[in-house]
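Please look over the protein chain below. The report that follows goes from contacts to overall form.

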Amino acid sequence: MPNLIEKAKEQIQESIVQILFGAIAGLMAVIAAYVGPLVLPVFNSIPNNVLLTLLALSLLINIGLWYYVSHLSKQLRNLQDTKFTKRFGILWDKNYEPHCPSCKNMPSGYQEIKGTPKNRRAQFTCVNCKTTIQLSDQDGFVPLDYAREQLKQENIGYSV
Ligand SMILES: [Zn+2]
């Protein structure tokens with residue numbers, strides 16, 4: 001089961017492939033600019049400034065992709081460095097956002113199931129693990145707002 005870090009790695013690999021394609025396209029533009037006029041008379045009809053514009057555009061795309069990859073790498077580093085606190089049966093980051101205890105992904109589909117005090121549940125679904133994560137303490141049901149408020153009071157954001 002791929003976790004978030006593996007997904008980020010895949011994204012980075014994809015971006016590197018894109019950069020390589022961009023670099024090849026740029027190289028082809030340079031070759032076309034030099035060789036084109038000699039082999040293909042049609043290039044003579046294309047003004048040099050058009051070719052230069054294409055070259056500049058290709059370089060710009062490369063720079064853009066480079067920034068994108070740097071951004072992804074930084075996110076990956078942040079994710080690896082993220083510290084979690086386990087409370088109420090779930091992991092919390094320093095921004096009091098819940099994370100799956102198994103894969104550390106952010107779970108979705110928060111819901112509170114009403115019932116008798118013993119049956120009440122507050123739960124998330126981890127789309128990655130396909131599991132249900134319940135927010136609870138020794139007394140059972142813990143709603144998300146209460147859990148967050150509790151963690152803020154305990155100041156977990158500054159203790160890690
Ligand atoms: Zn998970």
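## Terms and basis

Two residues are in contact if their C-beta atoms, placed from the backbone, lie within 7 Å. This is a predicted model: local features need pLDDT of at least 70, side-chain atom pairs count only at pLDDT 80 or more, and totals for chains, interfaces and linings use all residues. Residues are numbered from 1 along each chain as its sequence is written.

Start with Ile133. Leaving aside neighbours within four places in sequence, Ile133 is in contact with Gly89, Ile90, Cys100, Pro101, Pro107, Gln123, Phe124 and Cys126.

Ile133 also belongs to the largest nonpolar core, which has 13 residues. A nonpolar core is a set of buried Ala, Val, Leu, Ile, Met, Phe, Trp, Tyr and Cys residues joined through C-beta atoms within 7 Å. A residue is buried if 20 or more other C-beta atoms lie within 10 Å of its own, exposed if 12 or fewer, and partly exposed in between; the C-beta atoms are placed from the backbone. The residues with the most contacts inside the core are Phe88, Ile90, Ile133, Leu135 and Val142. Strand 2 (90-92) and strand 5 are the elements that give two or more residues to this core. In soluble globular proteins, nonpolar side chains tend to be buried together.

## Strands and pairing

Helices (H or I, at least four residues) and strands (E, at least two) are DSSP runs, numbered from the N terminus. Two strands pair if DSSP finds at least two bridges between them. Three strands form an open sheet in the order 1-2-3, with antiparallel pairing. Strand 1 (85-87) and strand 3 (98-99) are the edge strands, and each pairs on one side only. Strand 1 and strand 2 are joined antiparallel over three bridges. Arg87 has Ile90 in strand 2 as its bridge partner.

Strand 4 (residues 108-113) is hardly covered: of its six residues, the count of buried ones is zero. Strand 4 pairs with strand 5 (residues 121-126) in the antiparallel sense, over four bridges. Ser108 stands opposite Thr125 in strand 5.

Phe88 has a positive phi of about 55 degrees although it is not a glycine. Lys130 has a positive phi of about 55 degrees and is not a glycine either. Phe88 sits in the loop between strand 1 and strand 2, while Lys130 is in the loop between strand 5 and strand 6. Phe88 counts as buried, because it has 21 C-beta neighbours inside 10 Å. Lys130 is exposed, with 8 other C-beta atoms within 10 Å.

Thr132 lies in strand 6 (residues 131-134). Thr132 is partly exposed, with 13 other C-beta atoms within 10 Å. Leaving aside neighbours within four places in sequence, Thr132 is in contact with Gln123 and Thr125. Thr132 and Arg77 are 55 residues apart in sequence and 28 Å apart in space, C-alpha to C-alpha.

## Overall form

The protein chain has five helices and eight strands. Its radius of gyration is 26 Å, well over the 15 Å that the globule rule gives for 160 residues, so the chain is more spread out than a compact globule. That radius is taken over C-alpha atoms, and the globule rule is 2.2 Å times the number of residues to the power 0.38. The C-alpha atoms fill a box of roughly 85 × 30 × 25 Å along the principal axes. Buried residues make up 11% of the 160 residues.

The domain assignment gives domain 1 (4-81) and domain 2 (85-159). Such bounds come from an automatic or database domain assignment. The C-alpha centres of the two domains lie 43 Å apart.
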